[in-house]
Amino acid sequence: TTTVNPAKPATVNAGDLMVLQVLARNDTDNGAGPATISGWTEFPGNPYGGTNHSRQSLYWRIATASEGGQTVAVTCTGSGDTTNDLVAAKIYRFTAADGFAATPIESIATNAGTASPMAAPTTGGTPGGINRRAVCFGAIASSDATIGSMTGETAGNWTEATSGNTTTGGDGTLNLQTADASAGTAVSGGSIAFTASTSGHWNTVSFYLVPAD
């Protein structure tokens with residue numbers, strides 16, 4: 001397809017951080033990705049994945065009021081033919097006791113591959129302070145209903161927070177892993193096998209969520 005309309009979580013409070021994850025299956029490896037989305041800040045480096053069928057784009061937004069259930073139109077440039085599909089998009093909500101910093105993400109690191117397992121960045125970026133939450137967003141250009149938590153990481157423990165898959169639009173899987181980084185230590189490595197071992201291109205993007213001072 002060319003457009004999807006993911007809904008914000010049902011409960012969204014002022015000061016919450018929302019992250020929009022978009023997967024475009026891009027079999028021509030031409031780098032096409034979603035256009036600028038009004039009201040959201042695009043991650044530097046979009047789309048992620050390199051010369052890879054899995055093109056992942058990320059955006060963030062601090063909620064200014066209750067926005068629960070509102071939909072967001074995501075349009076992908078260069079998609080809609082048999083080799084370039086906008087597969088899926090999902091919005092996640094994060095909370096912090098005192099809200100988030102004006103720039104709530106830091107130390108972005110990436111990884112990509114063309115077969116199972118899906119791996120977090122080998123060397124995760126270093127958090128800029130304490131009280132961080134490490135997150136790793138994974139996107140697979142193939143459908144796998146059950147993945148799980150990554151293993152083999154260092155200085156932390158990736159735990160699968162949620163995962164979703166679709167067999168529409170060329171197949172795709174969205175995955176989120178999180179880890180405690182409250183001590184200010186980098187979380188690196190870790191991987192998880194998925195079923196499409198011979199054809200599932202994937203990419204991962206890890207970073208840290210920064211709370212307000």
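Rings of Phe, Tyr and Trp, the last taken by its six-membered ring, are counted as a pair if their centres lie within 6.5 Å, and the angle between the planes sorts such pairs into stacked (under 30 degrees), edge-to-face (over 60) and tilted for the rest. By that criterion the structure, which is a predicted model, holds 3 aromatic pairs.

**Aromatic pairs**

- The ring centres of Phe-43 and Phe-207 are 5.1 Å apart and their planes stand at 70°, so this pair is classed as edge-to-face.
- Because Phe-43 is placed in the loop between strand 3 and strand 4 while Phe-207 belongs to strand 13, their pair ties together parts that are 164 residues apart in sequence.
- Phe-43 and Phe-207 are both buried.
- Phe-207 also forms an aromatic pair with Phe-137, and here the arrangement is stacked, with 5.8 Å from centre to centre and 5° between the planes.
- Since Phe-137 lies in strand 9 (residues 132-140) and Phe-207 in strand 13, this pair ties together parts that are 70 residues apart in sequence.
- Phe-137, like Phe-207, is buried.
- Through ring pairs, Phe-43, Tyr-92, Phe-137 and Phe-207 are linked into a cluster.

- An open sheet is formed by 5 strands, arranged in the order 7-13-9-11-10 with antiparallel pairing.
- At its edges are strand 7 (100-113) and strand 10 (159-166), each of which pairs on one side only, and from one strand to the next the twist averages 15°.
- Strand 7 and strand 13 (residues 202-211) run antiparallel and are joined by 8 bridges; within this part of the sheet, Asn-111 has Thr-204 in strand 13 as its bridge partner.

**Strand 4 and its partners**

- Of the 9 residues of strand 4 (residues 54-62), 7 are buried, so this strand is largely enclosed by the rest of the structure.
- Strand 4 pairs with strand 2 (residues 17-26) in the antiparallel sense over 9 bridges, and Val-22 has Ser-57 of strand 4 as its bridge partner.
- Strand 4 is also paired with strand 3 (residues 41-42), again in the antiparallel sense, over 2 bridges, and Glu-42 stands opposite Tyr-59 of strand 4.

Technical notes: Residues numbered from 1 in each chain as written. Predicted model: local features only at pLDDT ≥ 70, side-chain atom pairs only at ≥ 80, totals over all residues. Heavy atoms only, no water. Buried < 20%, exposed > 50% of the residue type's maximum accessible area, 1.4 Å probe, protein only. Helix = DSSP H or I, 4+ residues; strand = E, 2+ residues; numbered from the N terminus. Pairing = 2+ DSSP bridges. Axes fitted to C-alpha atoms, helices over the stretch in contact; angles between N-to-C directions.
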